[in-house]
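Dear colleague,

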Amino acid sequence: MDPKPQKMPKVAKVKNKAPAEIQITAEQLLREAKERDLEIQPPPPKQKISDKEELADYQLRKRKAFEDELRKNRTVITNWIKYAKWEESQKELQRARSIFERALDVDHRNITLYLKYTEMEMRNRQINHARNLWDRAVTILPRANQFWYKYSYMEEMVGNIAGCRQVFERWMEWEPDEQAWQTYINFELRYKEIDRARAIYERFVMVHPEVKHWIKFARFEEQHAFINSSRNVYQRAVEFFGDEDMDEKLYIAFARFEENQREHDRARAIYKYALEHIPKERAQDLYKNYTIHEKKYGDRTGIEDVIVSKRKFQYEEEVKANPSNYDAWFDYLRLVESEGNPDTIRETYERAISNVPPTKEKTYWRRYIYLWVNYALFEELEMRDEERTRQVYKACLQLLPHKIFTFSKMWLYYANFEIRNKNLATARKYLGMAIGLCPKDKLFRGYIDIEIQLREFERCRILYQKFLEFGPENCITWMRFAELETLLGDADRARAIYELAINQTRLDMPELLWKAYIDFEVGQEQTDNARQLYERLLERTSHVKVWMSFAQFELQSGGDDGNVEKARNVYDRANTTLRQAMEKDERVLLLEAWKEFEAEQGDEESREKLKSKLPKRIKRRQRVQADDGSDAGWEEFYDYIFPEDEASKPNLKLLAAAKAWKQKQMEASSSETESEAAGPSGILAAARAWKQSQSETDESSEPLPADIDRDDSSESGSDEEAEKSGEEREQELETNTTKQVNQ
């Protein structure tokens, strides 16, 4: 027979699954439950026990409940403690002890259980029972410091000082932490047992050999006025730690102790000894305290020593962090040199020059090379050691990569050093070697200066020849060579040198060379040669300054009117040349100089003639294009209009306008008759339009500052003449163009 199928319980269908309008949070539910006290049970009613039978019944029920709890879980120590406390409240100490003992059988290493057990015994003044419990506890758990603290405290409270000391001694056999030792020491000090406390300190610093404990020991001796004992403790501590485990705190405390005893020399010696033996990075506070001590009790020398030592430490840190920091090396060396210890200075220099730049680029060597220079100067000037100085120079010259770059100063310094020591042959040998290995302008000039000082002029000539073979484009060299020959009184050789120089195909500063050559000829009073040089120079360049200099030369070559006329002719030639070259700015400069010249040397006629040549300044606009070729707008600029140029421009402009009009008419016209009929009138229209634009330009033009000084009468007269000449010129042009078009 098949079993009947089990029916599933019906589940109520939720008709409305939309969220409620008011949502209730879990926090709100908990708050409402607390407000309504739903979980708080009312306390049980108090019972009043009136006779022994009720008390026995109550105790039986409580004991049965406690025993049931213990039977369920024996390892929960809190149940045992509650049970024992209840028995204690019922004045049943024997039962309470029995419960604690049963609990200890369950967990004999529970610290809380021992503490509660002994506290119960002490509350009930059962000292012997408590003492026995403490003995059991410290025997089973000797590392539990709470037992020892409470045991010693109990013995001290009951006045058993010997027993307390015995407890401490048993405790110290286990070598506890420093707090336990300090507690023992404080116990002895409370009863004025100084010797016992000292003996404890002796054992303490051996069990825990730390600097702070030695300092405590020494301060203990100092506080009790045992000064020698305190000093001995510090000395024993210094010997105990030795040089390997030195700590600045010990030396600071030792020095302060001596300072308090007014033994300032001892304190200073301690500071210096510590600074010499403790690494610098671990002696910051030591430096600080030493500085304060010297400022209080030291003299100026002592304070300076402190500051110097501190700065030396800072420089040591800098050069250790970055050995290529040559500025730090310079400061460090300067500080070391101020102390005056030769061995230390040489050692520091050797350390500095050993940091060679890692790359063969001259930029990184520029600061480094001065280490060698200073080293050599120190050996020569301070130590007076000629041989060692020579070795420094030679080592530096061997180190430099002369095929890539060199330092001319090192070669010259070494040569001058050898000359000072009367080794001229060696100096010339090394300078020749320098020119052969790495010729440079500074080397040649330095070598030549040395030979000039030695009055070896033939050697100077040879060196100048080599110098010019090395760099023929150097104008300064040509000029100095020629100056040397001039000083020696050989003008022909100097002139020949100048001629060779100006005939070179490439020169770096030719203007200086030509000026020097001209000044040379002027100095030799060869005016014709100087004038020929100006003419030769003007064949090569038409620079405005050359023309101005030429004019000044002609003016200064003599004081008669002939020279003034020559200068005026130079200005006129210059104006014509610059006009043909279309150099407006240079031409303006020339006319300004010409105006000043005429103001000083000219007459009214020459001044009026020059005024007719002065330009006018007008403002114009031109299109500006961007880098991509697009139109960037307009910009204004000033332009100069010269009367001499404007006299020839109208014909050209009018002919250009006529040609443009004729070409346009030939392309657009359909019949020859219409073009002939329209020809003259079109050309005339173009001419009138051009004239109108010119008149507008003249109205907007501004005169130069040089033109402002003109009189109004002269301006009006010149304007009337210009208008008349313009009308006549226009009529002639109309007639000529009509003829050309008809032809």
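May I begin with a question: does Asn-474 count as buried or exposed? Please note, before the answer, that this is a predicted model. At 9% relative accessibility, Asn-474 counts as buried, because the limit for that class is under 20%. Asn-474 lies in the loop that joins helix H25 (457–470) to helix H26 (475–487). Apart from neighbours within four places in sequence, the contacts of Asn-474 are Asp-441, Arg-445, Phe-467 and Asp-508.

The protein as a whole

The protein contains 37 helices and 3 strands. Of its 743 residues, 36% are buried. Its accessible surface amounts to about 46700 Å², and carbon and sulfur atoms hold 49% of that area. Among contacts with a separation of 6 or more, 49% are between residues 24 or more positions apart.

Helix H24 covers residues 441–453. Its 13 residues should span 18 Å at 1.5 Å a residue, and the C-alpha atoms at its ends are 18 Å apart, so the two values agree. The buried residues of H24 are Leu-443, Phe-444, Gly-446, Tyr-447, Ile-448, Ile-450 and Glu-451. Helix H22 (408–420), helix H23 (424–437) and H25 are included in what covers these buried residues. Just after H24, Arg-455 adopts a positive phi of about 60°.

The nonpolar cores

In soluble globular proteins, nonpolar side chains tend to be buried together. Here, the largest nonpolar core has 74 residues. Phe-147, Tyr-234, Leu-250, Tyr-251 and Leu-286 are the residues with the most contacts inside this core. Helix H13 (residues 248–260) supplies the largest share of the core, with 7 residues. Leaving out residues up to four places away in sequence, Tyr-251 touches Val-238, Met-246, Ile-270, Tyr-273, Ala-274, Ile-278 and Leu-286. A second, separate core has 60 residues, among them Ala-415, Tyr-447, Tyr-464 and Ala-516. Tyr-447 is also one of the buried residues of H24.

Two positions towards the start of the numbering

Which helix holds Leu-113? Leu-113 is found in helix H5 (residues 111–123). With a relative accessible area of 0%, Leu-113 is buried. When neighbours within four places in sequence are set aside, Leu-113 is in contact with Ile-77, Ile-81, Phe-100, Ala-103, Leu-104 and Asp-107.

Val-76 is in the loop between helix H2 (52–72) and helix H3 (77–89). Its relative accessibility is 26%, so Val-76 counts as partly exposed. Val-76 and Val-106 are 30 residues apart in sequence, while their C-alpha atoms are 9.6 Å apart in space.

A nonpolar patch on the surface

Tyr-153, Met-157 and Val-158 make a nonpolar surface patch of about 330 Å². Tyr-153 has its place in helix H7 (residues 145–157). Tyr-153 is exposed because its relative accessible area is 51%, and the class begins at over 50%.

Yours sincerely

Technical notes
Residues are numbered from 1 along each chain as its sequence is written. This is a predicted model: local features need pLDDT of at least 70, side-chain atom pairs count only at pLDDT 80 or more; totals for chains, interfaces and linings use all residues. Side-chain values use heavy atoms; hydrogens and water are left out. Helices (H or I, at least four residues) and strands (E, at least two) are DSSP runs, numbered from the N terminus. Buried means under 20% relative accessible area, exposed over 50%, partly exposed in between (1.4 Å probe, protein chains only). Contact means heavy atoms within 4.5 Å. Accessible areas come from the Shrake-Rupley method with a 1.4 Å probe; for residues, only the protein chains shown count as cover. A nonpolar core is a set of buried Ala, Val, Leu, Ile, Met, Phe, Trp, Tyr and Cys residues joined through side-chain atoms within 4.5 Å. The expected span of a helix is 1.5 Å times one less than its number of residues. Patches are made of residues with over 30% relative accessible area and no salt bridge: like charges are joined within 9 Å, nonpolar side chains (Val, Leu, Ile, Met, Phe, Trp, Tyr) within 5 Å. A salt bridge is a side-chain nitrogen of Lys or Arg within 4 Å of a carboxyl oxygen of Asp or Glu.
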